[in-house]
Amino acid sequence: MFGAAASSSTTAATTAANAAHAANTLNTARCAFQRNTFISPSPSSSYHSIVCGRFRFLSLRSSNAVSTKAMADSQTLAVPKHDPQSSAPGNKQALISLSDKKDLAFLGNGLQELGYTIVSTGGTASALENSGVSVTKVEQLTCFPEMLDGRVKTLHPNIHGGILARRDQKHHMEALNEHGIGTFDVVVVNLYPFYDKVTSTGGIEFDDGIENIDIGGPAMIRAAAKNHKDVLVVVDSQDYPALLEYLKGSQVDQQFRRKLAWKAFEHVASYDSAVSEWLWKQTVGDKFPPNLTVPLSLKSLLRYGENPHQNAAFYIDKSLSEVNAGGIATAIQHHGKEMSYNNYLDADAAWNCVSEFRNPTCVVVKHTNPCGVASRDDILEAYRLAVKADPVSAFGGIVAFNIEVDEALAKEIREFRSPTDGETRMFYEIVVAPKYTEKGLEILRGKSKTLRILEAKKNEKGKLSLRQVGGGWLAQDSDDLTPQDIQFNIVSEKKPQDSELRDAEFAWLCVKHVKSNAIVVAKDNRMLGMGSGQPNRLESLRIALRKAGDEVKGAALASDAFFPFAWKDAVEEACESGIGVIAEPGGSIRDGDAVDCCNKYGVSLVFTNVRHFRH
């Protein structure tokens, strides 16, 4: 069955007998190898000899202790010769190699019914055969067994030649004909589940992660996508029905082919980005690699962007670092209209803020700024106080809770009247919470057809924060510091009471989430007023004091950054209003003026040494 016998050589005088013995031994081994590895062709088949490998055999030591060596640097195997025009009607080939075998039987039977010969590998071939689909195994084409624990299966000219050959190039087709290689018309491949493996609970050993990096799969996908004019490439089981429908037709749709090719390259790029991210963390671990790829997956097209004339879409970050890391992007929407661009921004701001509080808390947000915050053991009271901080702004805003929304809370949300007139029922765009009771959900659904009800998981700390600027991106650590992470250093003569210090910590946590320049006035674990986004800190102070009203007496004031001036400026006005304690980062060249001013008015001043700018 081998096309040629091995040549042999020896230095002994009695070479003839030894050479014959070596040749017989080699032939026997080769035949056994072929019988165990390949399907023997029938005598009526057309054959083509291809070089398959190299073998070296050592004969037994002869009786006169003379060593003999029989070598075969190559052998030729007789295998069915493949027609290079296999893409012609009635002789079409599809290559299928899948890790995720979802809907494989549907695909295999559909291709077989359309007259395709299906070539497949390992487990995919077995699954197809179990579904009643006839399969030609890859090794029947390559004349070479799977080796190196599956690392090498399809990396062979008989495979890649059939994928990459351009049908409109005569010399390509002549080359295939010369080597007996058939063409592939369809390539369906998905990759080793690297992403799932390295993000599984408990993690994965480094060597196991390396073994889950696919090599042959991406090579076939890229080859087919490059040659998409002649080869249809599919990487997503959702595209199987469209593929079969296309193959039933007679027209060539290059746009369809290009879309599949784009999806294939995107699939490989996303896969490679996961490998790159994982390997960087395993090797270096620094948060800022020299090159950064962020894989984004389209979740939905939005009605519009910030304004109706702007088109928009929402993408989910598929980075490994974001797996099970919480956040609004992965929230479950139980009810209401589809989310808008601004809804996502506001919901994210509300959720990030409320998630930082340890006690039961309600946060109300408008235009990404918390306009009401309150913490109470009684969450109903916390809700009422949060709305009361600025009921005008709260109307049409987002309300967020860090505990479960039950029946009682849902009723309060549904029926609560605005504190401004005691009559107008409060309206919200979104309610977001970590979970809901069944009754709570039922009641909230009855409040409004449009009310968006989100269930979210708390954001994990230590994330990378990205923000786009023209032509580039800014990257930084997320701002995860809470009052428990810092020291409130008393720098004034008057020391704050324990209750005042707790108020200062509460105000400081609130101001962290307000746009700069930011001032928050708070007392008894509730926000009384806030000023945000003003070009100068004095104006933000005045807005916050005006909203706090008479309740400012003895309250705490927090500033997201230091006060550049004290006398006849923000610090003095705060002292004159009756503020009891001021918390600010410090760091100004005029910090001494702030200390002197607070000492004059008998106000406690604490420095946090941490700034909380937010743009």
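This is a predicted model: local features need pLDDT of at least 70, side-chain atom pairs count only at pLDDT 80 or more; totals for chains, interfaces and linings use all residues.

Biologist: How many disulfides does the structure hold?

Modeller: The structure holds zero disulfides. Cys353 is in none, and its nearest cysteine sulfur, that of Cys510, lies 6.0 Å away.

Biologist: Which other residues are buried in α17?

Modeller: Besides Cys510, the buried residues of α17 include Phe506, Trp508, Leu509 and Val511, and also Glu500 and Asp503.

Biologist: What do the buried residues of α17 pack against?

Modeller: They pack against strands: β13 (369–375), β20 (519–523), β21 (526–531), β22 (556–559), β23 (581–584) and β24 (604–607).

Biologist: How far apart are the end C-alpha atoms of that helix, α17?

Modeller: They are 20 Å apart. The helix has 14 residues, 498–511, and at 1.5 Å a residue it should span 20 Å, so the two values agree.

Biologist: In which sense does β22 pair with β20, and in which with β23?

Modeller: With β20 the pairing is antiparallel, over four bridges. With β23 it is parallel, over three bridges. Val520 has Ala558 of β22 as its bridge partner, while Leu557 stands opposite Ile582 in β23.

Biologist: Which residues does Ala566 touch?

Modeller: Not counting residues up to four places away in sequence, Ala566 touches Val571, Glu572, Asp593, Ala594 and Cys597. Ala594 is 28 residues from Ala566 along the chain, yet their C-alpha atoms are separated by 5.1 Å.

Biologist: Turning to the nonpolar core, which residues touch the most other members in the largest one?

Modeller: The largest nonpolar core has 73 residues, and those touching the most other members are Tyr383, Phe401, Val405, Ile413, Leu444 and Val520. This core lies between domain 2 (328–455) and domain 3 (489–607), because both give residues to it. Apart from it lies another core, of 29 residues, which includes Leu95, Ala225, Val235 and Ala264.

Biologist: What is Leu444 in contact with?

Modeller: Leaving aside neighbours within four places in sequence, Leu444 is in contact with Val405, Ala410, Ile413, Val431, Tyr436, Leu451 and Ile453. In soluble globular proteins, nonpolar side chains tend to be buried together.

Biologist: One last topic, the five-stranded open sheet. What is its strand order?

Modeller: The order is β6-β5-β4-β7-β8, with parallel pairing. The edge strands, β6 (136–137) and β8 (232–234), each pair on one side only.

Biologist: How many bridges join β7 and β8?

Modeller: Strand β7, residues 186–189, pairs with β8 in the parallel sense over three bridges. Val188 has Val234 of β8 as its bridge partner.

Terms used. Residues are numbered from 1 along each chain as its sequence is written. Side-chain values use heavy atoms; hydrogens and water are left out. Helices (H or I, at least four residues) and strands (E, at least two) are DSSP runs, numbered from the N terminus. The expected span of a helix is 1.5 Å times one less than its number of residues. Buried means under 20% relative accessible area, exposed over 50%, partly exposed in between (1.4 Å probe, protein chains only). Contact means heavy atoms within 4.5 Å. A disulfide is a pair of cysteine sulfur atoms within 2.5 Å. A nonpolar core is a set of buried Ala, Val, Leu, Ile, Met, Phe, Trp, Tyr and Cys residues joined through side-chain atoms within 4.5 Å. Domain bounds come from an automatic or database domain assignment. Two strands pair if DSSP finds at least two bridges between them.
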